[in-house]
Number of protein chains: 2
Amino acid sequence: MRIVELEAFEVAVPFRGPIVSAFGISYPARIRTFVRLTTENGITGIGEAGPSATHPYVRGSMPARFERDVRPAVLGESPIDHAWLARKLYHGPDAVAIELACWDIVGKALDVPLYRLWGGRGHVARVPLSAYAFFRLPNASGEGEVDLAGMAEHCVALRAASGFRTVKVKLGAHPPCDEIEVVRAVREALGPGTALRIDPNGSWSVATAVRALHRLRDLDLEYVEEPIRSAGTGDNAVDTAGLRRVRSAGSVPIAADHCYRLDLLAQIVRDDAADVVLVDVFGCGGPARALHYARTAATFGLGTAMHSGTELGVGQLAKIHLQAALGEEMRHASDAMYFEYVDDVLAGGPLRVVDGDMAVPQAPGLGAELDDAALARWELTDARKRDLDAYWGDLKGEIGTSYPSLDHLVRHY
Amino acid sequence: MRIVELEAFEVAVPFRGPIVSAFGISYPARIRTFVRLTTENGITGIGEAGPSATHPYVRGSMPARFERDVRPAVLGESPIDHAWLARKLYHGPDAVAIELACWDIVGKALDVPLYRLWGGRGHVARVPLSAYAFFRLPNASGEGEVDLAGMAEHCVALRAASGFRTVKVKLGAHPPCDEIEVVRAVREALGPGTALRIDPNGSWSVATAVRALHRLRDLDLEYVEEPIRSAGTGDNAVDTAGLRRVRSAGSVPIAADHCYRLDLLAQIVRDDAADVVLVDVFGCGGPARALHYARTAATFGLGTAMHSGTELGVGQLAKIHLQAALGEEMRHASDAMYFEYVDDVLAGGPLRVVDGDMAVPQAPGLGAELDDAALARWELTDARKRDLDAYWGDLKGEIGTSYPSLDHLVRHY
C-alpha cells in the first residue's frame, strides 16, 4: 500500500471578527494548507498544516514546501511508516499533515474510525467541547465585536447557541484590572452550573497572577491557563518556578500551555508546576506524539485538555478522535477556536456542536473528506492575500485611536 | 473484521535445567497457554498467556478460563478494539494473550510487521539481546548444571555460541559474598569488551547492596537490576527510598524491575530512584501498555530494557517488535530467558540469535505461526503434569542435602 500522489491546497478562511489576545490582533483569516495523499490501491487520506499563526507568511510557501521537499520524501512510502516519514521531514508542520493523512488511510484500510485505532475503549459517540470566548474587533462588515462590556453577554450567547457546559474566556487583551471584572461578570451571567476557565494568554507576571487569582478565588474556576509565560515564545521554555509559586499561592488549578515538548512536560512533572497541561495535535508534533504526551501527563496525575490554536476541520477531527481515544485519561472539555471561523473545507460543511458535544465520526479514518468547492472558494489567491493584508494593515493602524484600550499591545500577528 | 473463533493450547516446555533464583527452584518446565483467534475473513492471530510462574497451577485452568470467560467476551468483536477487550477482561493475563493475537491480525490485515505499526521509524533488521546466565541444577539427565565454580565458564560459552555483546548474570541463589566473587570471575573471564549486568533478584538488603556494589565498583557494570525489593511481591510496591540510597552510594547504574504499573514508574521518576527500568510485555498488561510504559520512561530520561520472565516464542516475538518499534528510546539489549527452554512452539522452530542479535520478522503481524506438531509434542497432558510435579518434588527434597548452599532458599516455585 504505497503512496502515489500528494496534493496540497492553500486556503484562508476568515474569522468572524479579528481576535485580540496577548499576541496582538489576529490576521483576519486563518491560512492553512491541506494535503491529500492517494495510495496505489486508491485510498485517500487528508491532512492539515500551518503556517504558524504568529509569523509573516508568503503566499504559496507551504504548498511549495510540500511540492519540493515533502513529495519526494513521501511518494513510494507506506502510510504505516508515518513515524519514519515524520523523522525524514524533521518533525515539521508538514510532517504533521502527512502523519494525519497516513492515519486517515490506515483507518480506511482497516475500516475503523481513528479513535478506535488509537486505543479507544469501545464505542464513543460524542466528546465534550468548551465554548471559547474571545475579545474581537468588528469585522469588515462592522459586525462581531466583543469588547469588555459585551463579554459576559457573548459567553451566555455561545452557551445558549450550542449547549456548552464549559466556557473559556481568552484574556490578555486588556489591562488585568479590567479583565478581572469581566471574569466576575461572566461568572455572574453564567451562574454556578457552567464550568468556567480563563486564559490570560501568558500575559500576567507572577505577582499579577497571584493577586488576580486571589481576587477571583470565589468564582470556582475550572482552571487558569498559562497565567504566566517564560521569556521567549513559551514553546521553548516553561517557567515552572513561577507556575509553582502561582499554584501554591491559591486554590485555582493551574493549566500549563505551550509546553508541548516532552522535556517541558517532564519539567512540569518534576517541579509540580501544574494541575493540567494542554495538548496540541500540531504543537506536539502529530497525533501519535499528542497521544503519548497526554497519556504521559495522565500517568503523573495531570489533567489534560485539547488545545486549540490554528486548526480548521481536519485538525478539529483529529482532536475529536484523540479525545475519544483518551477517554477518561483526558479529564477536561476540548478548546475549539473552530467556531471563530465563518466556514470550513470539509465535505458536508462545518462540524457542529450539539448540547455542548461534538459527535465522534464513526466512518473509517478521520471520517471526512475535503470539499473541492470549499477549497476553491477559500483558496488563498493573490488578490485575496492582498485584500487581507490591506485590511489587516488598516486594523493595526487604528489601534491607539479607535481602540485605545488595546494600545498596550505592541505586537500584532 | 470480526473474531469468530478462539482456540487455546496448554503446553509445558522443559527448561534445560531447573533454574535457581531468589524465588527458589523453578518448576522444571514452563507452562504457557497459547491462543489462536480467527476472523470471519480467515485471518488468524496468535497470543500467549500465563499462568504465573510463582504460583501453584492446576492443569487446564487457563484453557478453561479462555473457554468460559474469554470466548464470550471476544467472539463477535473486532481485533481493532483490543483496548476495549482488555478492559472487558479486567486486564488479566488472558487479556494480554488476546491483545497480542488482535495486533497480529491487524498487522496481517495491513500487511505490515507489528514494529512498524507500533511506530517504528523505518526498516529495522535486527535488535540486540543479552545472554542470560542462571545458576541451574542438573536436569533429569544429569546435565546442564551451573554452580558457583562454573558460572564464569558458562557466561563465556553463552557468548561464544551466539555472539552476545551483553551478558546478564542472575544472582540471589547463593550467599552474597559468594556471588560477588562469581561476578568478579565472570568479568575477568569475559574481559572488558562485553557489557555485564547483574540481577540479585531483589535478594539484597539496602546495606548489602551498598557494600556489594562498592566491592564491584571497578567491574564497569552496565547496571545492577533490582538489588533490593519491597516487602511483598515487588509487583505491588517499589522501595524508591531504598533504591535511591543504593543509587547515591556508588557509581553502578540501578535498574528497577517488577515495577510495571504506571504509578510505580511515576514514583521512580519522582524519587529519582533508578537509571533504568525493565519493561515486561505481560507485566505491563500487553504490548500497547508496554510501549506506553517504555516511552514514558524514556521521556524522563530513564533507560529501558525488555524484561524476560515467563514468555515462550510468541511473547519473545512481541518483545522483538516492541524493541524494534522503540528504537533508540530503548537503550539496552533485551533479556531473554528464552534460551533456557529446550524447544518452542513456533512453526520453523525456535528463534535464533546471530552475532548477539535477533532478526526482526518482516512478515505481517508478529511474523510467525504456531506449529501444531510442537503444540501436540509439548501439550500438558495429565501424565506429563504428574511426572513434572514428581520430579520437582524430588528436587525440592534434595535441597539442604545435595545442594547445601541453597538451603537458605525457603521458597520454591
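**Exercise 1. Extent of the interface.** State how much area chain B and chain A bury between them, and what share of it lies on carbon and sulfur atoms.

*Solution.* In this predicted model, the area buried between chain B and chain A is about 2700 Å². Carbon and sulfur atoms account for 61% of that area.

**Exercise 2. Charged and polar pairs.** Determine how many salt bridges and how many residue pairs in polar contact link chain B and chain A.

*Solution.* Begin with the salt bridges, for which a nitrogen of Lys or Arg must lie within 4 Å of a carboxyl oxygen of Asp or Glu. Six salt bridges are counted between the two chains. Next, the polar contacts between chain B and chain A amount to 11 residue pairs, both residues being at pLDDT 80 or more.

Then locate the surface on chain B.

**Exercise 3. Symmetry.** Which rotation superposes chain B on chain A, and why do the copies meet through the same surface?

*Solution.* A 180° rotation with 0.0 Å of shift along its axis superposes chain B on chain A, with an RMSD of 0.0 Å. The two copies are therefore related as by a two-fold rotation axis. Finally, compare the contacting residues: 100% of the interface residues of chain B are also interface residues in chain A, so the copies meet through the same surface.

Methods
Residues are numbered from 1 along each chain as its sequence is written. Chains are lettered from A and ligands numbered from 1 in the order in which they are written. This is a predicted model: local features need pLDDT of at least 70, side-chain atom pairs count only at pLDDT 80 or more; totals for chains, interfaces and linings use all residues. Side-chain values use heavy atoms; hydrogens and water are left out. Buried area is the accessible area (1.4 Å probe) that two parts lose on being put together, summed over both. A salt bridge is a side-chain nitrogen of Lys or Arg within 4 Å of a carboxyl oxygen of Asp or Glu. A polar contact is a pair of N or O atoms within 3.5 Å; within protein, one must be able to donate a hydrogen and the other to accept it, and residues adjacent in sequence count only if both atoms are side-chain atoms. Copies are superposed by least squares on the C-alpha atoms of residues with pLDDT of at least 70 in both. Contact means heavy atoms within 4.5 Å.
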